[in-house]
Amino acid sequence: MKSVAIGAGFAVGGADAGNRAAPVVLARSRFSSRLGTLDGGLVWQCPATPLPWPDSVPELRRSCIQLARRVERQRHRGLPVIIGGDHSCALGTWNGVTGFGRYPVGLLWIDAHLDSHTPFTSPSRHIHGMPLALLLGEGDSRLLLSGSGVVDPRCCAVLGVRSFEAGEPERLNRLGVRFYTMDEIRRRGLRVCVQEAWHRVSRARHGFGVSLDLDAIDPRFAPGVSVPEPGGLSLPHLLQSLRGLPRQRLRAIEVVEFNPLLDRDERTQRTLTRLVNALRGNCRP
Ligand SMILES: NC(=[NH2+])NCCC[C@H](N)C(=O)O
């Protein structure tokens, strides 16, 4: 099967304007032939700069609906690979994959953060700290594009966690989402945790997806992200752990939070390209 790359030039919900340029920078880079040159199109946001909730809501809603429709239209051509953009683009991606909630999926969320705030608990009010809660059906109703959740919490796992605030772990625990902190990963080994999480998400009836925030990876391998956190996943170990996992029911991949303005020696671009290739298995552009 083929993969179809779709760009999401999103920064309104993020912490740094640099995220907006990510898909275009990648499409013009020397890695583009390995990623696909945004053959599924590009969705832009206007304005180009971050705004806190609630000011960001109208533009975020508009662009996420546009992204969701694009994903819906393109998914018949191959495996959608969405290139963000700040992580709030996940609302567009997974609403598109699920036909606005008609076919809820399992989701592996690889991230340093839990991204499970609602406006009432978020200290920053940046919506890229809220998308997982919204995908599970909680948060500002204007951003619940299908009116409820599109991800089944029993088939959802978060991997690589090392930064969160009050309210987030409580929400995920109440909903029954499994999250793996870096402490647990160090204790039990990455491969075991990846396999366990993959098993959990891939048993969902309508298939599953992977949402990869590059800040999950240690900043040594991915310095170009908007909210870096030290002590992250080792790139070689993650690549190794992703080998040989069953992908038959994989419905889409999303890679987010790349910030070209903060990259060093194209290190983050290279990391992103290698991870996309590892995740999509045999599907190539
Ligand atoms: N997608 C991300 N990089 N999220 C970072 C969120 C950081 C912090 N928890 C916040 O809500 O502001």
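## Overall architecture

The protein chain contains 10 helices and eight strands, where helices (H or I, at least four residues) and strands (E, at least two) are DSSP runs numbered from the N terminus. This is a predicted model, in which local features need a pLDDT of at least 70 and side-chain atom pairs count only at pLDDT 80 or more, while totals for chains, interfaces and linings use all residues. Residues are numbered from 1 along each chain as its sequence is written, and side-chain values use heavy atoms, with hydrogens and water left out.

Taken along the principal axes, the C-alpha atoms of the protein chain fill a box of roughly 40 × 40 × 35 Å. Of its 285 residues, 63% count as buried; buried means under 20% relative accessible area, exposed over 50%, and partly exposed in between (1.4 Å probe, protein chains only).

## Confidence of the prediction

The mean pLDDT of the protein chain is 97, and 100% of the residues score at least 70; pLDDT is the predictor's confidence in each residue, from 0 to 100. For the complex, the predictor gives an ipTM of 0.98 and a pTM of 0.98.

## The ligand site

A polar backbone atom of His128 is 3.1 Å from a nitrogen atom of the ligand. Polar side-chain atoms also lie at 3.3 Å from a ligand nitrogen in the case of Asp213 and at 3.2 Å in the case of Asp215. The ligand taken alone exposes 350 Å², of which the protein buries 94%; accessible areas come from the Shrake-Rupley method with a 1.4 Å probe, and for residues only the protein chains shown count as cover.

Glu257 has a positive phi of about 75 degrees although it is not a glycine, and is buried, with a relative accessible area of 1%. Asp265, placed in the loop between β8 and α10, also has a positive phi, of about 50 degrees, but is exposed at 64%.

Seven of the seven residues of strand β1 (residues 3-9) are buried, so the strand is largely enclosed by the rest of the structure. Ser3, Ala5, Gly7 and Gly9 point one way, and Val4, Ile6 and Ala8 the other.

Strands β1 and β3 (residues 79-84) run parallel and are joined by six bridges, two strands being paired if DSSP finds at least two bridges between them. Within this pair, Val4 stands opposite Pro80. Strand β1 also pairs in the parallel sense with β2 (residues 42-44) over three bridges, and here Gly9 faces Trp44.

## Cis peptide bonds

The Trp53 to Pro54 peptide bond is cis, with omega near 5 degrees; Pro54 is in the loop between β2 and α3 (57-74). The bond from Gly84 to Gly85 is likewise cis, with omega near 10 degrees, and Gly85 is found in the loop between β3 and α4 (90-97).

Conventions. A polar contact is a pair of N or O atoms within 3.5 Å; within protein, one must be able to donate a hydrogen and the other to accept it, and residues adjacent in sequence count only if both atoms are side-chain atoms.
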